[in-house]
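The sequence and the structure are shown first, and the description follows.

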Amino acid sequence: GHGQDYVQTLEAIIRTMPDGLLIVDSQGTIVGVNPALCAITGYEEEDLVNHPCSVLEGDTCMLPEGGSFTKHCPLFAGGPVERKRCTIRRRNGRRVYILKNATTINDPEGKPVLGVETLVDITDLVRQEREVARLKKLTEPPGFHGLVGDSPLMRDVYDMTAAAAQSEAPVILFGASGTGKELAARAIHDLSPRADKPYLTVNCAALNPGLLESELFGHVRGAFTGAHSSRIGRFEAARGGTLLLDEVGDLPPEVQVKLLRVIEAGTIERVGDHRPIDVDVRVISATHRDLDELIAAGRFRQDLYYRLNVIPIRLPPLWERTEDIPLLANHLLEVMNRRGKKRITGLDPAVLEVFRGHPWPGNVRQLINVLEYAYVAARDQILTRRDLPPEFDAPAKRMVLPLEMDEDRRIAAALEMTDGNKTAAAELLGISRVTLWKKLKKQAQT
(Lines give C-alpha, C1' and ligand atoms only; values in the text may rest on other atoms or scores of the structure.)
Protein backbone atom coordinates (compact mmCIF):
# COMPACT_ATOMS: atom_id res chain seq x y z
CA GLY A 1 0.00 0.00 0.00
CA HIS A 2 0.88 3.70 0.23
CA GLY A 3 2.83 3.29 3.47
CA GLN A 4 5.19 0.79 1.86
CA ASP A 5 5.76 3.09 -1.19
CA TYR A 6 6.49 6.00 1.14
CA VAL A 7 9.15 4.07 3.05
CA GLN A 8 10.78 2.99 -0.22
CA THR A 9 10.77 6.59 -1.52
CA LEU A 10 12.28 7.80 1.74
CA GLU A 11 15.00 5.14 1.51
CA ALA A 12 15.74 6.18 -2.06
CA ILE A 13 16.04 9.84 -1.00
CA ILE A 14 18.39 8.96 1.85
CA ARG A 15 20.50 6.79 -0.47
CA THR A 16 20.88 9.49 -3.11
CA MET A 17 21.01 12.67 -1.04
CA PRO A 18 24.38 14.50 -1.35
CA ASP A 19 24.68 15.23 2.39
CA GLY A 20 26.07 12.56 4.68
CA LEU A 21 23.43 11.16 7.06
CA LEU A 22 24.36 9.67 10.43
CA ILE A 23 21.81 8.19 12.85
CA VAL A 24 22.90 7.30 16.40
CA ASP A 25 21.02 5.91 19.39
CA SER A 26 21.09 7.50 22.82
CA GLN A 27 24.14 5.40 23.75
CA GLY A 28 26.11 6.86 20.84
CA THR A 29 25.99 3.68 18.74
CA ILE A 30 25.66 4.28 15.01
CA VAL A 31 22.43 2.65 13.77
CA GLY A 32 22.37 3.96 10.21
CA VAL A 33 24.45 5.81 7.57
CA ASN A 34 23.94 6.65 3.89
CA PRO A 35 26.38 6.30 0.93
CA ALA A 36 27.25 10.03 1.05
CA LEU A 37 28.46 9.66 4.66
CA CYS A 38 30.60 6.69 3.67
CA ALA A 39 32.08 8.80 0.86
CA ILE A 40 32.90 11.69 3.22
CA THR A 41 34.46 9.47 5.88
CA GLY A 42 36.09 6.80 3.71
CA TYR A 43 34.49 4.01 5.78
CA GLU A 44 32.21 1.21 4.51
CA GLU A 45 28.75 0.90 6.02
CA GLU A 46 29.69 -2.21 8.02
CA ASP A 47 32.71 -0.38 9.53
CA LEU A 48 30.31 2.16 11.05
CA VAL A 49 26.93 0.62 11.84
CA ASN A 50 26.83 -0.92 15.35
CA HIS A 51 30.07 0.91 16.24
CA PRO A 52 30.25 3.86 18.65
CA CYS A 53 30.13 7.25 16.90
CA SER A 54 33.48 8.09 18.52
CA VAL A 55 35.21 6.22 15.63
CA LEU A 56 34.79 9.48 13.68
CA GLU A 57 36.68 11.44 16.38
CA GLY A 58 34.50 14.53 16.03
CA ASP A 59 36.42 17.42 17.59
CA THR A 60 33.29 19.01 19.09
CA CYS A 61 32.00 15.86 20.75
CA MET A 62 34.88 14.12 22.50
CA LEU A 63 33.26 12.61 25.57
CA PRO A 64 34.97 12.36 28.92
CA GLU A 65 36.16 8.77 29.49
CA GLY A 66 33.26 6.71 30.76
CA GLY A 67 31.00 9.79 30.75
CA SER A 68 27.31 9.20 30.21
CA PHE A 69 26.39 9.81 26.60
CA THR A 70 23.02 11.43 27.27
CA LYS A 71 24.67 13.83 29.71
CA HIS A 72 27.75 14.85 27.72
CA CYS A 73 26.94 14.50 24.04
CA PRO A 74 26.32 18.06 22.73
CA LEU A 75 23.29 16.78 20.84
CA PHE A 76 21.55 14.69 23.49
CA ALA A 77 22.48 17.03 26.32
CA GLY A 78 22.10 20.35 24.55
CA GLY A 79 19.48 19.95 21.84
CA PRO A 80 19.56 20.72 18.11
CA VAL A 81 22.84 21.74 16.46
CA GLU A 82 22.60 24.17 13.55
CA ARG A 83 25.24 24.80 10.91
CA LYS A 84 28.09 23.98 13.26
CA ARG A 85 31.57 23.75 11.83
CA CYS A 86 33.69 20.92 13.10
CA THR A 87 36.13 18.29 11.93
CA ILE A 88 36.04 14.50 11.87
CA ARG A 89 38.82 12.06 11.08
CA ARG A 90 38.59 10.06 7.85
CA ARG A 91 39.58 6.43 7.70
CA ASN A 92 42.93 7.43 6.15
CA GLY A 93 43.67 9.61 9.19
CA ARG A 94 43.10 12.99 7.46
CA ARG A 95 40.82 15.53 9.11
CA VAL A 96 37.80 16.70 7.14
CA TYR A 97 36.03 20.00 7.83
CA ILE A 98 32.28 19.52 7.97
CA LEU A 99 29.20 21.62 8.45
CA LYS A 100 26.84 19.74 10.72
CA ASN A 101 23.11 20.00 11.38
CA ALA A 102 21.70 17.66 14.00
CA THR A 103 18.51 17.03 15.89
CA THR A 104 17.03 14.37 18.16
CA ILE A 105 13.97 12.20 17.72
CA ASN A 106 12.12 11.84 21.02
CA ASP A 107 9.84 9.13 22.42
CA PRO A 108 6.29 10.06 23.58
CA GLU A 109 7.68 11.02 26.99
CA GLY A 110 10.00 13.52 25.28
CA LYS A 111 13.13 11.50 25.99
CA PRO A 112 15.60 11.56 23.07
CA VAL A 113 15.98 8.12 21.53
CA LEU A 114 17.76 8.84 18.25
CA GLY A 115 20.12 11.50 17.00
CA VAL A 116 19.95 12.40 13.31
CA GLU A 117 22.87 14.36 11.83
CA THR A 118 23.55 15.61 8.31
CA LEU A 119 27.16 16.35 7.40
CA VAL A 120 28.47 18.39 4.46
CA ASP A 121 32.17 18.25 3.56
CA ILE A 122 33.41 21.87 3.49
CA THR A 123 37.15 21.14 3.41
CA ASP A 124 37.59 22.91 0.05
CA LEU A 125 35.65 25.92 1.27
CA VAL A 126 37.79 26.21 4.40
CA ARG A 127 40.92 25.89 2.26
CA GLN A 128 39.67 28.70 0.00
CA GLU A 129 38.82 30.91 2.96
CA ARG A 130 42.30 30.42 4.38
CA GLU A 131 43.87 31.22 1.03
CA VAL A 132 41.77 34.39 0.72
CA ALA A 133 42.77 35.41 4.25
CA ARG A 134 46.43 34.73 3.43
CA LEU A 135 46.28 36.77 0.21
CA LYS A 136 44.47 39.57 2.01
CA LYS A 137 47.24 39.59 4.60
CA LEU A 138 49.85 39.80 1.82
CA THR A 139 48.21 42.76 0.10
CA GLU A 140 47.45 44.63 3.30
CA PRO A 141 50.38 46.76 4.39
CA PRO A 142 51.87 46.11 7.80
CA GLY A 143 49.84 48.44 9.93
CA PHE A 144 46.72 48.72 11.96
CA HIS A 145 43.19 49.82 11.00
CA GLY A 146 44.26 52.10 8.16
CA LEU A 147 47.40 53.38 9.89
CA VAL A 148 50.36 52.13 7.87
CA GLY A 149 53.88 51.55 9.13
CA ASP A 150 56.16 49.01 10.67
CA SER A 151 58.54 51.30 12.55
CA PRO A 152 59.01 50.91 16.31
CA LEU A 153 57.26 54.27 16.83
CA MET A 154 54.16 53.07 14.96
CA ARG A 155 54.15 49.69 16.67
CA ASP A 156 53.95 51.57 19.97
CA VAL A 157 51.00 53.54 18.62
CA TYR A 158 49.20 50.30 17.63
CA ASP A 159 49.78 48.78 21.07
CA MET A 160 48.57 51.92 22.85
CA THR A 161 45.52 52.16 20.59
CA ALA A 162 44.51 48.54 21.18
CA ALA A 163 44.96 48.96 24.93
CA ALA A 164 43.04 52.26 25.01
CA ALA A 165 40.12 50.62 23.18
CA GLN A 166 39.55 48.26 26.11
CA SER A 167 39.32 51.08 28.64
CA GLU A 168 36.58 53.68 29.09
CA ALA A 169 38.98 56.48 29.99
CA PRO A 170 39.27 59.59 27.82
CA VAL A 171 42.07 59.42 25.22
CA ILE A 172 43.89 62.38 23.76
CA LEU A 173 45.70 62.07 20.44
CA PHE A 174 48.61 64.42 19.85
CA GLY A 175 50.14 64.87 16.42
CA ALA A 176 50.66 67.34 13.58
CA SER A 177 48.06 67.54 10.81
CA GLY A 178 48.16 64.60 8.46
CA THR A 179 49.60 62.10 10.95
CA GLY A 180 46.45 59.96 11.11
CA LYS A 181 44.76 61.08 14.35
CA GLU A 182 41.28 60.43 12.88
CA LEU A 183 42.32 56.89 11.90
CA ALA A 184 43.59 56.19 15.40
CA ALA A 185 40.39 57.53 16.97
CA ARG A 186 38.26 55.38 14.67
CA ALA A 187 40.38 52.31 15.51
CA ILE A 188 39.85 52.90 19.24
CA HIS A 189 36.07 52.97 18.66
CA ASP A 190 36.03 49.96 16.32
CA LEU A 191 38.05 47.83 18.74
CA SER A 192 36.06 48.85 21.81
CA PRO A 193 32.93 47.27 23.29
CA ARG A 194 31.11 50.33 21.87
CA ALA A 195 31.89 49.38 18.26
CA ASP A 196 28.25 48.79 17.30
CA LYS A 197 27.14 52.14 18.75
CA PRO A 198 27.48 55.56 17.06
CA TYR A 199 30.87 57.15 16.33
CA LEU A 200 30.69 60.91 15.74
CA THR A 201 33.25 63.66 15.33
CA VAL A 202 33.03 67.38 15.79
CA ASN A 203 35.70 69.82 14.62
CA CYS A 204 36.14 72.35 17.42
CA ALA A 205 38.02 74.77 15.17
CA ALA A 206 35.38 74.99 12.46
CA LEU A 207 32.56 76.80 14.28
CA ASN A 208 32.05 79.97 16.27
CA PRO A 209 31.43 79.50 20.02
CA GLY A 210 27.62 79.76 19.90
CA LEU A 211 27.25 77.30 17.05
CA LEU A 212 29.81 74.95 18.57
CA GLU A 213 27.88 74.84 21.84
CA SER A 214 24.64 73.96 20.06
CA GLU A 215 26.52 71.44 17.89
CA LEU A 216 27.88 69.66 20.97
CA PHE A 217 25.00 69.94 23.43
CA GLY A 218 21.95 70.72 21.28
CA HIS A 219 19.51 73.56 21.92
CA VAL A 220 15.83 74.07 22.63
CA ARG A 221 13.53 76.09 20.44
CA GLY A 222 13.97 79.82 20.90
CA ALA A 223 17.26 79.43 22.80
CA PHE A 224 18.77 82.08 20.53
CA THR A 225 17.82 84.06 17.44
CA GLY A 226 17.20 81.66 14.60
CA ALA A 227 16.61 78.63 16.86
CA HIS A 228 13.24 77.82 15.29
CA SER A 229 13.22 74.23 16.42
CA SER A 230 14.91 72.13 19.07
CA ARG A 231 18.02 70.30 18.04
CA ILE A 232 19.84 67.29 19.39
CA GLY A 233 23.58 67.76 19.93
CA ARG A 234 26.47 65.44 19.09
CA PHE A 235 26.81 64.24 22.69
CA GLU A 236 23.21 63.02 22.68
CA ALA A 237 23.49 61.57 19.18
CA ALA A 238 26.61 59.63 20.22
CA ARG A 239 24.89 58.03 23.24
CA GLY A 240 26.44 54.68 24.10
CA GLY A 241 29.19 55.32 21.55
CA THR A 242 32.24 57.50 21.00
CA LEU A 243 32.68 61.20 20.28
CA LEU A 244 35.88 62.59 18.77
CA LEU A 245 36.55 66.24 19.60
CA ASP A 246 38.93 67.17 16.81
CA GLU A 247 41.22 70.19 17.30
CA VAL A 248 40.22 70.37 20.96
CA GLY A 249 42.91 73.04 21.49
CA ASP A 250 40.66 75.47 19.62
CA LEU A 251 37.72 75.16 22.05
CA PRO A 252 36.62 78.63 23.17
CA PRO A 253 36.88 79.23 26.96
CA GLU A 254 33.10 79.23 27.60
CA VAL A 255 32.71 75.86 25.85
CA GLN A 256 35.68 74.47 27.81
CA VAL A 257 33.82 75.12 31.09
CA LYS A 258 30.72 73.31 29.82
CA LEU A 259 32.72 70.37 28.48
CA LEU A 260 34.45 69.97 31.83
CA ARG A 261 31.04 69.78 33.55
CA VAL A 262 29.77 67.22 31.04
CA ILE A 263 32.79 64.96 31.56
CA GLU A 264 32.55 65.25 35.34
CA ALA A 265 28.79 64.72 35.61
CA GLY A 266 28.07 62.47 32.62
CA THR A 267 25.10 64.71 31.82
CA ILE A 268 24.55 67.58 29.39
CA GLU A 269 22.17 70.50 29.26
CA ARG A 270 20.83 71.75 25.96
CA VAL A 271 21.43 75.43 25.23
CA GLY A 272 18.48 77.35 26.70
CA ASP A 273 17.40 74.49 28.95
CA HIS A 274 18.37 73.42 32.45
CA ARG A 275 17.17 69.85 32.48
CA PRO A 276 20.16 67.49 32.69
CA ILE A 277 20.22 64.71 30.08
CA ASP A 278 22.23 61.58 30.85
CA VAL A 279 24.80 60.78 28.20
CA ASP A 280 27.11 57.80 28.30
CA VAL A 281 29.78 58.78 25.77
CA ARG A 282 33.44 57.84 25.44
CA VAL A 283 35.37 61.04 24.70
CA ILE A 284 38.44 61.05 22.46
CA SER A 285 40.10 64.36 21.72
CA ALA A 286 42.72 65.23 19.13
CA THR A 287 44.96 68.24 18.70
CA HIS A 288 47.96 69.38 16.68
CA ARG A 289 48.62 72.19 19.14
CA ASP A 290 50.95 72.19 22.10
CA LEU A 291 48.38 72.29 24.91
CA ASP A 292 51.01 73.00 27.57
CA GLU A 293 51.78 76.26 25.76
CA LEU A 294 48.08 77.11 25.55
CA ILE A 295 47.70 76.43 29.28
CA ALA A 296 50.72 78.62 30.05
CA ALA A 297 49.15 81.35 27.89
CA GLY A 298 45.85 80.99 29.78
CA ARG A 299 43.97 79.79 26.69
CA PHE A 300 43.24 76.25 27.82
CA ARG A 301 41.91 75.19 31.22
CA GLN A 302 44.31 72.99 33.13
CA ASP A 303 41.50 71.12 34.93
CA LEU A 304 39.91 70.21 31.57
CA TYR A 305 43.30 69.12 30.25
CA TYR A 306 43.74 66.70 33.18
CA ARG A 307 40.29 65.26 32.48
CA LEU A 308 40.93 64.74 28.76
CA ASN A 309 44.53 63.62 29.04
CA VAL A 310 44.05 60.30 30.83
CA ILE A 311 45.53 58.16 28.05
CA PRO A 312 47.80 60.27 25.81
CA ILE A 313 48.82 58.81 22.44
CA ARG A 314 51.31 60.64 20.27
CA LEU A 315 51.23 60.09 16.51
CA PRO A 316 54.75 60.61 15.17
CA PRO A 317 55.36 62.99 12.25
CA LEU A 318 56.52 61.37 9.03
CA TRP A 319 60.09 62.70 9.26
CA GLU A 320 60.51 60.78 12.52
CA ARG A 321 59.65 57.49 10.82
CA THR A 322 61.20 57.79 7.37
CA GLU A 323 61.81 54.01 7.39
CA ASP A 324 58.05 53.66 6.82
CA ILE A 325 58.06 55.77 3.65
CA PRO A 326 58.73 52.92 1.13
CA LEU A 327 55.95 50.88 2.72
CA LEU A 328 53.52 53.81 2.76
CA ALA A 329 54.38 54.82 -0.80
CA ASN A 330 53.89 51.32 -2.19
CA HIS A 331 50.63 50.89 -0.32
CA LEU A 332 49.30 54.27 -1.56
CA LEU A 333 50.32 53.48 -5.16
CA GLU A 334 48.49 50.16 -4.89
CA VAL A 335 45.35 52.03 -3.79
CA MET A 336 45.73 54.44 -6.73
CA ASN A 337 46.26 51.55 -9.15
CA ARG A 338 42.99 50.03 -8.02
CA ARG A 339 41.16 53.33 -8.52
CA GLY A 340 42.86 54.72 -11.61
CA LYS A 341 43.46 53.75 -15.21
CA LYS A 342 47.23 53.26 -14.91
CA ARG A 343 49.34 50.64 -13.27
CA ILE A 344 52.41 52.06 -11.53
CA THR A 345 54.59 49.21 -10.29
CA GLY A 346 57.07 51.03 -8.08
CA LEU A 347 59.36 53.94 -7.28
CA ASP A 348 62.78 54.71 -8.61
CA PRO A 349 65.36 54.42 -5.75
CA ALA A 350 66.30 58.07 -6.38
CA VAL A 351 62.73 59.07 -5.53
CA LEU A 352 62.89 57.20 -2.22
CA GLU A 353 66.19 58.92 -1.51
CA VAL A 354 64.58 62.35 -2.05
CA PHE A 355 61.56 61.33 0.02
CA ARG A 356 63.76 60.23 2.93
CA GLY A 357 65.43 63.61 3.09
CA HIS A 358 62.24 65.66 2.78
CA PRO A 359 60.88 67.33 5.95
CA TRP A 360 57.19 66.45 5.19
CA PRO A 361 55.52 69.29 7.08
CA GLY A 362 52.12 67.89 5.96
CA ASN A 363 53.00 64.32 6.96
CA VAL A 364 51.21 61.33 5.43
CA ARG A 365 48.52 63.56 3.94
CA GLN A 366 51.24 65.46 2.07
CA LEU A 367 52.81 62.19 0.89
CA ILE A 368 49.40 61.19 -0.50
CA ASN A 369 49.13 64.50 -2.39
CA VAL A 370 52.64 64.20 -3.78
CA LEU A 371 52.01 60.65 -4.99
CA GLU A 372 48.65 61.57 -6.53
CA TYR A 373 50.42 64.32 -8.48
CA ALA A 374 53.20 61.94 -9.52
CA TYR A 375 50.72 59.21 -10.49
CA VAL A 376 49.05 61.57 -12.96
CA ALA A 377 52.39 62.92 -14.22
CA ALA A 378 54.08 59.50 -14.53
CA ARG A 379 55.31 58.61 -18.03
CA ASP A 380 56.43 55.08 -17.18
CA GLN A 381 55.45 52.27 -14.86
CA ILE A 382 58.10 53.41 -12.40
CA LEU A 383 57.82 56.81 -10.74
CA THR A 384 60.95 58.87 -11.32
CA ARG A 385 62.18 62.20 -9.97
CA ARG A 386 60.87 64.10 -12.98
CA ASP A 387 57.32 62.97 -12.10
CA LEU A 388 57.47 64.70 -8.70
CA PRO A 389 55.84 68.10 -8.06
CA PRO A 390 57.98 71.28 -8.30
CA GLU A 391 58.72 71.39 -4.55
CA PHE A 392 61.22 68.53 -5.13
CA ASP A 393 63.08 70.23 -7.99
CA ALA A 394 66.24 71.69 -6.51
CA PRO A 395 68.44 69.25 -4.58
CA ALA A 396 68.99 71.92 -1.89
CA LYS A 397 65.25 72.31 -1.51
CA ARG A 398 65.40 70.66 1.93
CA MET A 399 66.58 74.01 3.31
CA VAL A 400 63.74 75.78 1.63
CA LEU A 401 64.56 78.97 3.47
CA PRO A 402 67.06 81.32 1.79
CA LEU A 403 69.95 81.92 4.16
CA GLU A 404 70.03 85.68 3.53
CA MET A 405 66.57 85.96 5.13
CA ASP A 406 66.97 87.41 8.64
CA GLU A 407 66.56 84.92 11.47
CA ASP A 408 63.17 86.09 12.73
CA ARG A 409 61.69 85.86 9.23
CA ARG A 410 63.20 82.42 8.69
CA ILE A 411 61.69 81.17 11.95
CA ALA A 412 58.29 82.62 11.00
CA ALA A 413 58.50 80.99 7.55
CA ALA A 414 59.51 77.63 9.01
CA LEU A 415 56.61 77.72 11.48
CA GLU A 416 54.23 78.57 8.68
CA MET A 417 55.47 75.73 6.49
CA THR A 418 55.16 73.22 9.32
CA ASP A 419 51.70 74.35 10.39
CA GLY A 420 53.02 75.69 13.69
CA ASN A 421 54.70 72.41 14.60
CA LYS A 422 57.84 73.51 16.49
CA THR A 423 59.57 70.15 16.29
CA ALA A 424 59.28 70.06 12.51
CA ALA A 425 60.15 73.76 12.19
CA ALA A 426 63.33 73.24 14.20
CA GLU A 427 64.22 70.31 11.95
CA LEU A 428 63.65 72.53 8.89
CA LEU A 429 65.88 75.25 10.34
CA GLY A 430 68.54 72.71 11.29
CA ILE A 431 68.43 73.62 14.99
CA SER A 432 67.21 71.74 18.05
CA ARG A 433 63.71 72.26 19.38
CA VAL A 434 65.08 73.73 22.60
CA THR A 435 67.13 76.29 20.66
CA LEU A 436 64.04 77.29 18.68
CA TRP A 437 62.06 77.53 21.91
CA LYS A 438 64.66 79.91 23.39
CA LYS A 439 64.75 82.06 20.23
CA LEU A 440 60.95 82.34 20.25
CA LYS A 441 60.99 83.33 23.92
CA LYS A 442 63.56 86.01 23.15
CA GLN A 443 61.44 87.28 20.23
CA ALA A 444 58.44 87.49 22.52
CA GLN A 445 60.38 89.59 25.04
CA THR A 446 61.75 92.10 22.52
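## The largest pocket

The structure is a predicted model. Its largest pocket is lined by 24 residues. Those that lie nearest the centre of this pocket are His288, Arg289, Asp290, Gly420 and Arg433. The volume of the largest pocket is about 610 Å³.

Two elements, α12 (291-296) and α18, each give two or more residues to the lining. The largest share, 4 residues, comes from α12. By class, the lining of the largest pocket holds 10 nonpolar, 6 polar and 8 charged residues.

## The helix pair α18 and α19

Helix α18 spans residues 422-429 and helix α19 spans residues 433-445. The two pack with their axes 8 Å apart, at an angle of about 100 degrees. Because angles of 65 to 115 degrees count as roughly perpendicular, α18 is described as roughly perpendicular to α19.

On the α18 side, the contact is made by Lys422, Thr423, Ala425, Ala426 and Leu429. On the α19 side, the residues they meet are Arg433, Leu436, Trp437 and Leu440. The contact of α18 with α19 comprises 6 nonpolar residues, 1 polar residue and 2 charged residues. This helix pair is also linked to the pocket described above: α18 gives two or more residues to the lining, and Arg433 is among the residues nearest the pocket centre.

## The antiparallel sheet

Strands of a sheet pair through backbone hydrogen bonds, either parallel or antiparallel.

Strand β3 is joined by 7 bridges to strand β4 (residues 95-106), and the two run antiparallel. Across this pairing, arginine 89 stands opposite arginine 95 in β4. The two strands form a hairpin with 5 residues between them, and glycine 93 in the turn has a positive phi of about 95 degrees. Strand β4 also pairs with strand β5 (residues 112-121) in the antiparallel sense, over 9 bridges. Here alanine 102 stands opposite glutamate 117 in β5. A hairpin is formed by β4 and β5 as well, with 5 residues between them; in its turn, glycine 110 has a positive phi of about 85 degrees.

## The parallel sheet

Another open sheet has 5 strands in the order β9-β10-β13-β8-β14, with parallel pairing. Strands β9 (199-203) and β14 (311-314) stand at the edges with a single partner strand each, so one side of each has no neighbour in the sheet. The twist in this sheet averages 20 degrees from one strand to the next.

Strand β8 (residues 171-174) and β14 run parallel and are joined by 4 bridges. In this pairing, leucine 173 stands opposite isoleucine 313 in β14. Helix α7 (residues 152-165) packs on the sheet, where it touches β8, β13 (282-287) and β14. The direction of α7 makes about 150 degrees with that of β14.

Conventions. Residues numbered from 1 in each chain as written. Predicted model: local features only at pLDDT ≥ 70, side-chain atom pairs only at ≥ 80, totals over all residues. Heavy atoms only, no water. Axes fitted to C-alpha atoms, helices over the stretch in contact; angles between N-to-C directions. Parallel < 35°, antiparallel > 145°, perpendicular 65-115°, else oblique. Contact = heavy atoms within 4.5 Å. Nonpolar A, V, L, I, M, F, W, Y, C, P; charged D, E, K, R; others polar. 1 Å grid on protein atoms, 1.4 Å probe; cavity = no way out; pocket = protein on both sides within 12 Å on 5 of 7 lines; lining within 4 Å. Points joined across faces, edges and corners; volume = space filled by probe spheres on them. Pairing = 2+ DSSP bridges.
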